[in-house]
Amino acid sequence: MNPLVDIRQFDQSIWLDFIRRKILINGELQRRITDEALRGVTSNPAIFEKAIGGSDDYDAAIRSLALQGKTTDEIYTALAVADVQHACDLFRPLYDSHDNASDGYVSLEVSPELVNDTEGTIEEGIRFWKAVNRPNVMIKVPATLEGLPAIRRLIAEGINVNVTLIFGLERYRLVAEAFISGLEDRVKAGLPIENIDSVASFFLSRIDVLIDPLLEKIAAEGGEKGELAQSLVGEVALASAKQAYQIYQEIFAGPRWEALAAKGADTQRLLWASTGNKNPKYDDLKYVENLIGPKTVNTVPVETLDIFRERGKSANRLEEGLDQAAEVLRRLPELGINLEEHTNFLEVDGAKKFKEPFAKLMDSIEKKRLTSLDSSVAEATMQLGQYQAAVDAKIQELNAKNFTEGFWNKQADLWVQDAEGQQSIRSFMGWLRVAETMVGAVPEIEQFVNDVKAAGFKHVVVMGMGGSTMAPIVFKSSFPMGSTGLPMSVLDTTDPGTVRQIEESVPLADTLFIVASKSGTTAEPLAFGDYFYDRVKQIKGDKAGENFVAITDPGSKFVTSATEQGYRRIFLNFAEVGGRFSALSYFGLVPAALYGLNIGEILERAIRMMRANGAYGSVEQNPGLELGVALGVLAQQGRDKLTLIVPDSLADLGLWLEQLIAESTGKEGKGILPVAGEPAREPEVYGQDRVFVYVGYENDADADNTAKLAALQAAGHPVISVRMHDALDLGAEFFRWEVATAVASAVLEINPFDQPNVQAAKTATDRLMKVVQEQGSLPAGDEAKVTENGVSYFSAVSGGSAAEVLQNFFGQAKDGDFLNIQAYLTESDELNKGLAELRTQVQEQLHLATTSGYGPRFLHSTGQYHKGGPDKGLFVQFTVDHPQDLALPGRSYSFGTFKNAQAAGDLQALHDYNRRTLRIHLGDNAEQGLRTVLSALQSAPLTAKRA
Ligand SMILES: O=C(CO)[C@@H](O)[C@H](O)[C@H](O)[C@H](O)COP(=O)(O)O
Ligand SMILES: O=C[C@H](O)COP(=O)(O)O
């Protein structure tokens with residue numbers, strides 16, 4: 001049997017005298033708990049110095065905290081508390097179990113600077129206890145004379161205490177007395193004592209390290225004394241421990257103790273500390289094997305633990321040789337050795353041994369703190385030409401009313417004036433500081449990633465709609481997969497072809513499926529979850545849940561169903577963070593971490609941007625505010641088509657920005673239309689409704705786009721440009737654009753956090769799905785105006801041929817209008833090329849802005865603007881037959897029908913808002929159908945009404 005497990009039969013608990021974030025994350029601590037019967041952890045300032053000062057594991061967190069304006073002291077506390085909390089959580093099942101035998105504790109020591117400060121120790125002990133906020137934390141307090149009253153007080157406060165730095169027997173008695181008095185104080189105050197635990201940490205190897213040389217010196221002198229001295233070498237520490245254990249038994253017996261025991265008190269166990277052997281002449285297990293006895297703890301360093309596991313022998317030896325132990329201590333004075341005096345020295349030296357590394361640690365944190373404050377965020381260059389004055393005036397106006405301060409204080413009247421709107425704004429501003437919260441969640445997420453990999457998963461599929469999957473899409477396409485990551489796919493469409501493609505491209509049994517839905521009620525992600533759960537169940541039976549993870553809001557119905565289905569993990573996000581503002585929450589970061597990205601650094605960049613935007617005190621220039629004002633003012637002046645130009649490596653950033661900007665601003669007949677995916681062109685092809693925004697990298701000249709933007713600017717178009725340091729800056733850009741969008745909304749006087757018109761399409765779809773459930777199929781739609789070469793055209797405009805319908809449809813265009821393509825198709829390169837051709841033709845011939853999206857993705861994104869924004873859209877919807885449809889398990893409809901209903905529902909909603917629409921049904925071959933449409937267009941030059 002593993003000796004570490006065996007030792008439990010002697011009622012000794014082995015704790016680990018070590019902590020470091022890495023072992024929390026990489027599963028080592030959990031493995032030691034599960035396989036090696038580890039029952040607790042102790043930390044001390046020297047251990048944290050090694051962990052934090054001696055590695056770069058904490059650097060991103062240090063920088064994030066520094067940027068938040070935290071002091072060095074606060075940074076240390078935050079890091080140490082986070083690790084202790086994490087370890088407490090790993091031990092929690094043991095702590096909560098029936099046979100916990102007072103184990104499952106993690107110790108956190110008060111600052112060594114407080115070693116002689118009673119009040120300071122009490123204050124910090126209470127502060128740490130509250131900060132860790134776990135019942136299985138122990139606050140470590142040194143057993144100095146000043147520490148004793150603090151111990152009593154903290155016990156009386158109901159706080160678990162680990163008394164450290166005990167070297168002598170007399171002091172040990174006082175420690176036990178302080179503990180008992182503390183319990184008695186509580187009893188007097190009528191407070192319970194059954195859940196308070198304490199250990200007395202008796203330091204061993206250091207006693208021998210100090211006393212042995214003295215004995216050896218005397219031994220070298222020879223004679224009778226020399227002989228005696230020689231016989232005592234290496235015996236003093238063990239003798240002290242054995243004697244302490246006798247005192248323990250004496251103190252925790254008798255009427256005084258029995259009275260407390262009757263009220264449920266547990267004894268203050270002795271904990272053997274400093275048990276790593278320091279003398280090569282001794283056995284490495286000297287301070288372990290010899291001190292095994294009931295109701296004791298031994299906290300051992302990692303190396304000693306591993307040696308014990310390899311060759312340790314468990315036996316109850318603590319009460320062996322008691323006479324001999326007493327003799328050792330009795331005879332020391334004959335050699336002129338006053339143990340009490342030496343233990344006093346050890347106490348002072350012990351404090352020094354903690355103070356020095358602590359000072360070194362603080363120094364290294366301080367250096368890192370200062371350097372973090374040096375670097376800056378990527379600058380946005382704004383060349384706004386004739387609009388500059390209006391933008392400047394608006395910035396001045398906002399600054400005059402302390403907009404930035406009000407913004408961070410969630411002052412909702414900056415946006416709208418009605419009470420209901422203001423209430424809704426306040427309740428969706430959690431995104432402002434979610435990055436700070438997520439800094440604390442990084443170790444938990446990283447540990448999860450580690451567990452997933454250890455469990456053998458080979459692929460990740462993230463499934464959800466809109467804000468729940470946009471950030472993962474951007475992360476996946478903007479970064480190469482990280483060295484520690486897993487390949488990732490994102491499913492955000494009900495298109496049966498795409499679902500099938502994903503199914504066929506992943507190893508189902510070894511794939512982790514993340515179902516991401518804030519509300520937990522969105523039909524698409526629930527359908528994806530059901531579909532793949534059924535598939536995995538066919539392989540893994542009742543264990544299917546192991547392959548599933550939920551990200552959702554607390555209290556959503558999905559929490560219940562995911563729990564019932566045995567999901568591996570449920571990440572609870574934050575009710576006050578809306579979907580499109582959730583990139584920096586669990587929704588974005590869990591997939592990013594699984595993909596191997598450094599989420600700590602992504603968050604650090606975001607916090608850098610928060611700081612630049614005035615999150616931690618006033619700022620002279622606020623990049624988010626300036627960008628937002630520019631976009632808002634430009635939109636008011638007719639430049640309401642935000643045209644995004646990016647290098648290929650950032651192509652999908654547009655998807656995220658589209659949702660953020662269109663869904664936030666596109667309402668009440670107002671809004672900014674994001675135009676993504678149009679390559680930069682010469683000035684002649686654009687109308688006067690554009691503002692160009694370039695997002696790229698500082699080390700990528702991107703000469704072609706840069707030259708085109710320069711020409712656009714020279715032609716009088718406003719041009720804004722941001723060049724990131726690297727892709728990790730996406731963390732900062734997410735935040736910059738969130739602020740800018742909220743600010744632009746304030747300029748436009750709308751609530752950026754609702755999406756009132758998205759519901760219209762959902763309601764229409766639901767109605768149609770009801771019909772499907774009742775009648776088995778969708779109701780027959782309108783008659784096609786024209787069917788030509790297998791492609792049918794449906795529109796309010798007339799025409800005897802495809803070309804005529806197209807001409808008449810586009811003939812309705814006015815200056816400032818835009819084309820929106822809604823492709824309810826299986827995405828493919830060929831289709832992308834064909835749709836781009838269509839856009840180019842419309843742009844060249846009509847000078848319209850063109851947008852394009854695959855359905856149903858855009859319903860959760862730009863769909864809001866289409867219905868709620870200004871009536872400037874010409875909507876072309878492409879649909880297709882689904883010869884290879886996919887059934888949805890347990891439902892009376894298929895993915896294909898669902899998707900058709902979504903297309904028809906949205907078309908209905910567009911009609912309800914009197915939008916100009918053209919539906920083109922491509923038959924059963926989308927690529928071929930689209931080619932047919934393009935050739936019809938070739939033969940039909942487009943002309944528009946000019947306003
Ligand atoms: O006090 C406790 C446990 O309560 C330990 O963490 C204690 O600080 C360590 O065992 C010692 O500091 C280690 O000492 P040493 O092996 O460096 O002499
Ligand atoms: O943008 C959000 C989408 O509408 C999806 O919403 P959900 O996260 O509640 O499923």
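**Exercise 1.** How many residues surround ligand 2, and which are the closest?

*Solution.* The model examined here is a predicted one. The first step is to collect the shell around ligand 2, which holds 13 residues, with Gly-466, Ser-517, Ser-519, Thr-522 and Gly-579 as the closest.

**Exercise 2.** Locate Lys-140 and decide whether Lys-140 is buried or exposed.

*Solution.* An unreviewed UniProt entry places the feature "active site" at Lys-140, and in the model this residue lies in strand 4 (residues 137-142). To settle the burial, compare the neighbour count with the cut-off, under which a residue is buried if 20 or more other C-beta atoms lie within 10 Å of its own. Lys-140 has 24 C-beta neighbours inside 10 Å and therefore counts as buried. If neighbours within four places in sequence are left aside, the contacts of Lys-140 are Asn-44, Ser-107, Leu-108, Glu-109, Val-110, Asn-162 and Thr-164.

**Exercise 3.** Work out which residues of strand 23 point one way and which point the other way.

*Solution.* In a regular strand the side chains alternate between the two faces of the sheet. Applied to strand 23 (residues 873-879), the assignment puts Gly-873, Phe-875, Gln-877 and Thr-879 on one side, and Leu-874, Val-876 and Phe-878 on the other. Seven of the seven residues of strand 23 are buried, so that the strand is mostly covered.

**Exercise 4.** Which strand do six bridges join to strand 23 in the parallel sense, beginning with the partner at residues 818-823?

*Solution.* Strand 21 (residues 818-823) runs parallel to strand 23 and is joined to it by six bridges, with Leu-819 opposite Leu-874. Strand 23 also pairs in the parallel sense with strand 24 (residues 916-921), again over six bridges, and here Gln-877 has Arg-919 as its bridge partner. Between strand 23 and strand 24 the chain passes through helix 36 (residues 895-912), in a β-α-β crossover that is right-handed.

Technical notes
Residues numbered from 1 in each chain as written. Chains lettered and ligands numbered in written order. Predicted model: local features only at pLDDT ≥ 70, side-chain atom pairs only at ≥ 80, totals over all residues. UniProt positions renumbered as here; feature names shortened; annotations may be inferred. Helix = DSSP H or I, 4+ residues; strand = E, 2+ residues; numbered from the N terminus. Buried ≥ 20, exposed ≤ 12 C-beta atoms within 10 Å, placed from the backbone. Contact = placed C-beta atoms within 7 Å. Near = placed C-beta within 6 Å. Pairing = 2+ DSSP bridges. Right-handed = clockwise from strand over helix to strand, strands pointing away.
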